[in-house]
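Dear colleague,

Please find below the structure I am handing over to you, followed by an account of what was found in it.

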Amino acid sequence: MKSFSLAVASLLAGSAAAFVSNSATQCPGSSLSAMPERKWDSMVDPTERSKAVPFLPRPINLDGSMVGDFGFDPFYLSSIPKDFSGFIQPPQWEEKSIPTLYWMREAELKHGRVAMLAWFGWVATDGAFGFPLRFPGEVYSVENIPNAYFAHDVLVEQGSMGFLLLAVAFIEFCTGAVLVEVAKGDNDREAGDFGLDPLSFLKDKSEEDINTMKLKELQNGRAAMMAFAGVATQTALETSNHAFPYI
């Protein structure tokens with residue numbers, strides 16, 4: 001019986017040894033430094049949590065130094081190292097660079113500004129402020145375009161959307177020129193800054209006041225992007241929802 005117990009113990013020890021690698025037996029104190037470096041390690045700050053999403057580590061580029069930076073980037077898009085200048089001119093033209101965070105702030109401001117105009121235009125067209133705000137002319141009348149929901153299809157057929165497309169393309173071409181200058185290092189303007197302040201809101205203001213105004217624009221733009229998406233979706237749900245207040 002004793003010899004049988006020894007045989008079973010030897011068999012179990014041999015089976016356990018089969019699951020242990022040679023490196024583990026030779027180097028019992030293996031180090032994590034031997035593991036390859038992960039891309040994730042360069043995209044986050046593991047010592048700090050995101051203010052907006054506290055269960056996630058802080059994106060490496062969102063350190064709170066930019067106006068409106070609350071650390072919200074759950075997909076870590078701002079941490080992707082990429083030169084976005086290739087979107088505005090071919091890479092082979094000349095050496096240039098637009099970093100990820102700069103490009104994304106530029107895009108956020110542009111989308112926010114367009115969304116603020118779009119939301120106001122949508123609800124104003126449908127009489128949200130007491131009367132329908134329309135361009136003069138029968139083609140833009142309430143009889144021809146009952147509400148904003150039908151405006152796109154009607155104006156595409158009428159031809160106004162073709163003119164609008166050309167106008168937007170012209171604006172994009174002109175505003176893209178400054179991004180070429182930024183990419184080449186000839187211009188150090190902040191992202192989204194076109195020097196447009198016709199009412200002099202920022203004139204003779206302190207840096208703190210200017211940053212407050214910038215934060216208001218960002219927050220209103222972010223809200224407008226969600227608001228426009230909401231009103232466009234709500235309007236399209238049912239026939240009875242096409243007219244203001246879309247409920």
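How many cavities of 30 Å³ or more does the structure hold? In this predicted model, there is one cavity of 30 Å³ or more. The volume of the largest cavity is about 40 Å³.

The lining of the largest cavity is made up of Glu-108, Leu-109, Gly-112, Arg-113, Met-116, Glu-217, Leu-218, Gly-221, Arg-222 and Met-225. Two or more of the lining residues come from each of helix 3 and helix 6 (207-235). Sorted by class, the lining of the largest cavity comprises four nonpolar, two polar and four charged residues.

I turn next to the packing of helix 3 against helix 5. Helix 3 spans residues 100-125 and helix 5 spans residues 160-184; the two pack at an angle of about 160°, and their axes lie 13 Å apart. Because angles over 145 degrees count as roughly antiparallel, helix 3 and helix 5 are roughly antiparallel to each other. The crossing of helix 3 past helix 5 is right-handed.

On the side of helix 3, the contact involves Tyr-102, Trp-103, Glu-106 and Lys-110, which meet Glu-172, Thr-175, Leu-179 and Val-182 of helix 5. By class, the residues of this contact between helix 3 and helix 5 are four nonpolar, one polar and three charged.

With kind regards

Conventions:
Residues are numbered from 1 along each chain as its sequence is written. This is a predicted model: local features need pLDDT of at least 70, side-chain atom pairs count only at pLDDT 80 or more; totals for chains, interfaces and linings use all residues. Side-chain values use heavy atoms; hydrogens and water are left out. Axes are lines fitted to C-alpha atoms, for helices over the stretch in contact, and angles run from 0 to 180 degrees between N-to-C directions. Helices (H or I, at least four residues) and strands (E, at least two) are DSSP runs, numbered from the N terminus. Angles under 35 degrees count as roughly parallel, over 145 as roughly antiparallel, 65 to 115 as roughly perpendicular and the rest as oblique. A crossing is left-handed if the near helix is turned anticlockwise from the far one by less than a right angle, and right-handed if clockwise. Contact means heavy atoms within 4.5 Å. Ala, Val, Leu, Ile, Met, Phe, Trp, Tyr, Cys and Pro count as nonpolar, Asp, Glu, Lys and Arg as charged, and the others, Gly among them, as polar. On a 1 Å grid over the protein atoms alone, a cavity is a set of points where a 1.4 Å probe fits but cannot get out, and a pocket is an open set with protein on both sides within 12 Å along at least five of seven lines; lining residues have an atom within 4 Å of a point. Grid points are joined across faces, edges and corners, and a volume is the space filled by probe spheres set on the points.
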